[in-house]
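Please look over the sequence and the model before reading on. The paragraphs below go through a helix pair, a surface patch and some backbone details.

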Amino acid sequence: MMLILLVLACAAIGIPLLALWGDGRRGAALFIGFNTLTLLAILALAVQVLRDGAFTIDGGQFMVDDLSIVLVLVDGVVALSTAWFSRSYMAQEIVHWSLSRRRVRLYHAMFQTFLTTMLLALLTNNMGILWVAMEGATLSTVLLVSLFRTAEGLEAAWKYFILCGVGLAMALFGTILLYFAAQKVLGHGADALLWTHLEAVRGQLQPQVMAIAFIFMLVGYGTKIGLSPLNNWLPDAHASGPSSVSAVLSGLLLNVALYAVLRAKVLVDGALGPDFAGRLLMGFGLLSLLVAAFSMLRQRDVKRLFAYSSIEHMGLATFAFGIGAPLASFAGLLHMISHSLTKSSVFFSVGQAVQSVGSREIQRIRGLLELSPLLGWALMLAVLFILGMPPSGLFLSEFLIVASTLQVQPWLTPLLLLGLGVAFAGIFPRLQGMVFGSAPEGIARQPVSGIIPVFIQLALIIVLGTFIPWMLVQWMQHAALLLLHG
């Protein structure tokens, strides 16, 4: 039962050590080592959950169930892949930006802090600690976004800090209202914020207070998810920071923020019924999908293009959870998992491509198959999968979401298909130019050893689209029912 604490300890112990010795080859090796240990601890925890089911420890302060373990596994895989990718990627960035040893140690330590807070958010049973973990993730990633200390990066980091700070202030107010509603039933003290206790009495929580609390939490955490119109920070943060940071922002942070909303949704559904939260999620999700899809059409920066793609996919997942059907919730979880693996792969490939040509301008990135066949194939497959092409997990999840929409809300299907079609039109033509054709003259080949994690993750994405492992299916089915019935 102490494996939860072991997972957190493996991640957290790396923070001070990387802050002291996180530069040079030693720092890269330590970075990979700590994330390897963390993933091994996560796998051990997953085995225990598979054997014993959900459980809590430390007086109920920490909890793991079928919903959280799926996302914890994704975090562990993406974190290790990012650490592996960072070894060669950051070696080039250090030379290009003349980063000091102190700055490199800051990068590794803050990345490890971010991972620790993400795992804490997923493994805590306390809605207050969940908020604290999200705030910690914001503070650590602000320093990562501004790592290069350019004017663009500092402006993006400031915008990220202000907008997400305001959003989290709203989420805090929603959490306070949640406690206000709970303490009348559960009494005063920390127990009134434990999710398992709240879920057990959710039908007794005051409906009016819960409605207001959920609105504040949706708007607050929705800022971190990137839901429109609260997503202005996301494209700037992705474009300005290192590509490894963009990978974890899309692959981890957005998922955990949506996880916080889903935990709140279960509680408000018990107090008000499924329609209130479901309609809000469908509305914000569909709006985000459409706004992001049309925004892609006018992007010239490759990292901003795929940042809007993240908004589109998180909008689609949010919409799926709002439908309120078991199949849709299953599809939403599959979409979150597949998007994390695929989008991090996209940013790994894009990061290498930007280093190779020395520009983020889409028009200047071309002929990657000629310049580096390994990189060209990595980018082409990752982008095709993020567009939902078979046999990827995103193809299956999008198919299931459309099928659920046809069954439950058929009149929304044309809008859903419009958003998916426009998103495809915004990315696919650019992909052809980046991958095919002649490479720009005068560009030397770059080492692409860090691109290997892309192919590992692409293999996992194909597995999710063709034959999902039975244990993952079991967890996702139970999690879908949890989201619908508590």
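**Helix packing, a surface patch and the backbone**

Helix 2 (residues 14–21) and helix 3 (residues 24–52) pack with their axes 9 Å apart, at an angle of about 170°. Helices here are DSSP runs of H or I with at least four residues, strands are runs of E with at least two, and both are numbered from the N terminus. Axes are lines fitted to C-alpha atoms, for helices over the stretch in contact, and angles run from 0 to 180 degrees between N-to-C directions. The two helices are therefore roughly antiparallel to each other, a term used for angles over 145 degrees. On the helix 2 side, the contact (heavy atoms within 4.5 Å) is made by Gly-14, Leu-17, Leu-18 and Trp-21, and on the helix 3 side by Arg-26, Gly-27, Leu-30, Phe-31 and Phe-34. By class, these residues are six nonpolar, two polar and one charged, with Gly counted as polar, Arg as charged, and Leu, Phe and Trp as nonpolar.

This is a predicted model, in which local features need pLDDT of at least 70 and side-chain atom pairs count only at pLDDT 80 or more, while totals for chains, interfaces and linings use all residues. Residues are numbered from 1 along each chain as its sequence is written, and side-chain values use heavy atoms, leaving out hydrogens and water.

On the surface, Leu-139, Trp-158, Phe-161, Ile-162, Val-166 and Met-170 form a nonpolar patch with about 540 Å² of accessible area together. Patch residues have over 30% relative accessible area and no salt bridge, and nonpolar side chains are joined within 5 Å. A salt bridge is a side-chain nitrogen of Lys or Arg within 4 Å of a carboxyl oxygen of Asp or Glu. Areas come from the Shrake-Rupley method with a 1.4 Å probe, and for residues only the protein chains shown count as cover. Helix 7 (residues 151–186) gives the most to this patch, with five residues.

Most residues other than glycine have a negative phi, and most peptide bonds are trans. Asp-58 has a positive phi, near 55°, and lies in the loop between strand 1 (55–57) and strand 2 (62–64). The peptide bond from Ser-228 to Pro-229 is cis, with omega near 0°.

Key: Parallel < 35°, antiparallel > 145°, perpendicular 65-115°, else oblique. Patch = residues over 30% accessible without salt bridge, like charges linked within 9 Å, V, L, I, M, F, W, Y side chains within 5 Å.
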